[in-house]
Every structure is written in structure tokens, then in C-alpha cells.
Amino acid sequence: MRVLAVSGAVAVALGACSTANDMADDLARGRAKAVVNGYVADRYPGLNSAPVTDCIIDAADAREILQIAGAAVTGLDAGTAEQISRVARRPEALQCIAQNGPGLLG
């Protein structure tokens with residue numbers, strides 16, 4: 001009986017950690033999206049930047065998302081702009097952008 005109670009407590013704790021991690025990931029992705037969206041909008045005026053932003057964020061790994069999200073606080077610098085550009089040139093990002101092509105022009 002005691003093992004069952006401990007197992008239940010561990011499951012609840014792990015579930016809470018998972019929820020907290022999901023919330024942190026969502027927050028970081030949201031901030032990174034805001035940074036990337038601003039970058040794309042500045043570089044390509046008149047382009048619907050939201051689909052491009054989504055493609056870039058989806059192609060970035062967790063470390064890159066956190067680094068890009070940091071620019072929401074510190075401001076976009078040349079290093080972060082280059083990082084966004086590198087992620088945007090990845091095959092999976094380019095394929096995604098090409099697939100969303102018809103919706104890119106406002």
C-alpha cells in the first residue's frame with residue numbers, strides 16, 4: 001500500500017514538472033516567435049511574416065529558441081539576426097516556407 005502511495009506521489013510530481021516544462025517551452029517559443037516575426041517583417045516588408053516565422057521556429061532546436069527568445073528582452077543584435085538567418089536556410093525551414101508560398105503575400 002505504501003509503495004502505491006509513493007508511486008502516486010511521484011506520478012503527480014512528474015506530471016507537475018511536465019506541465020511546468022510545457023509552460024516554459026510555450027513561453028520561450030512565444031517570445032522567440034515575436035523576435036523572429038519582427039526580424040522577418042523588417043527584412044521583407046509586405047510579406048505575411050507569420051507563416052515564415054512558424055517555419056523558422058519549427059526548424060530551430062530548443063537551445064536556439066531560448067537564445068532567440070532572449071532577444072525579446074535584450075533586443076535583436078547581429079548575432080541573433082545571423083542565428084535566425086542560419087535556421088531559415090535549413091532545408092526543413094526552406095521546404096516549409098516554399099509550401100506556404102501562396103499565403104505569404106499579404
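This is a predicted model: local features need pLDDT of at least 70, side-chain atom pairs count only at pLDDT 80 or more; totals for chains, interfaces and linings use all residues.
I started with glutamate 64, which, leaving aside its neighbours within four places in sequence, is in contact with Ala59, Gln83, Val87 and Arg90. Contact here means heavy atoms within 4.5 Å.

Residues are numbered from 1 along each chain as its sequence is written, and side-chain values use heavy atoms, with hydrogens and water left out.

**Entry 1: helix H3**

Glutamate 64 sits in helix H3. Helices are DSSP runs (H or I, at least four residues), numbered from the N terminus. Is glutamate 64 buried or exposed? It counts as buried, because its relative accessibility is 5%. My cut-offs: buried is under 20% relative accessible area, exposed is over 50%, and partly exposed is in between (1.4 Å probe, protein chains only).

I then listed the buried residues of H3: Glu64, Ile65, Ile68, Ala69 and Ala71. Seen down the helix axis, they fall within an arc of 135°, so they line one face of H3. That arc is taken from the directions from the helix axis to the C-beta atoms. On the other side of H3, I found Ala62, Leu66, Val73 and Thr74 exposed.

The 13 residues of H3 should span 18 Å at 1.5 Å a residue, and the end C-alpha atoms are 19 Å apart, which agrees. The expected span is 1.5 Å times one less than the number of residues.

What caps the N-terminal end of H3? Aspartate 61 does, with a side-chain oxygen 3.1 Å from the backbone nitrogen of arginine 63. After H3 comes glycine 75, with a positive phi near 95°.

**Entry 2: the core**

Next I looked up the largest nonpolar core, which has 22 residues. Such a core is a set of buried Ala, Val, Leu, Ile, Met, Phe, Trp, Tyr and Cys residues joined through side-chain atoms within 4.5 Å. The residues with the most contacts inside this core include Val40, Ile65 and Ile68. Helices H1 (2-43), H2 (49-59), H3 (62-74), H4 (78-88) and H5 (91-99) each supply at least two of its residues. H1 gives the most, with six.

I followed up valine 40. Leaving aside its neighbours within four places in sequence, valine 40 touches Leu47, Ser49, Val52, Thr53 and Ile56.

**Entry 3: salt bridges**

How many salt bridges are there? I get five, with a salt bridge being a side-chain nitrogen of Lys or Arg within 4 Å of a carboxyl oxygen of Asp or Glu.

Arginine 29 is in helix H1 and aspartate 58 in helix H2, so the pair ties together parts 29 residues apart in sequence. Arginine 29 counts as partly exposed at 28% relative accessibility, and aspartate 58 as exposed at 54%.

I also noted a network of salt bridges linking Glu82, Arg86 and Arg89. Glutamate 82 meets arginine 86 at 3.9 Å, N to O, and arginine 89 at 3.4 Å, N to O. Arginine 86 and glutamate 82 are four residues apart in helix H4, so about one helical turn separates them. Glutamate 82 is partly exposed at 35%, as are arginine 86 at 43% and arginine 89 at 47%.

How values were computed
A polar contact is a pair of N or O atoms within 3.5 Å; within protein, one must be able to donate a hydrogen and the other to accept it, and residues adjacent in sequence count only if both atoms are side-chain atoms.
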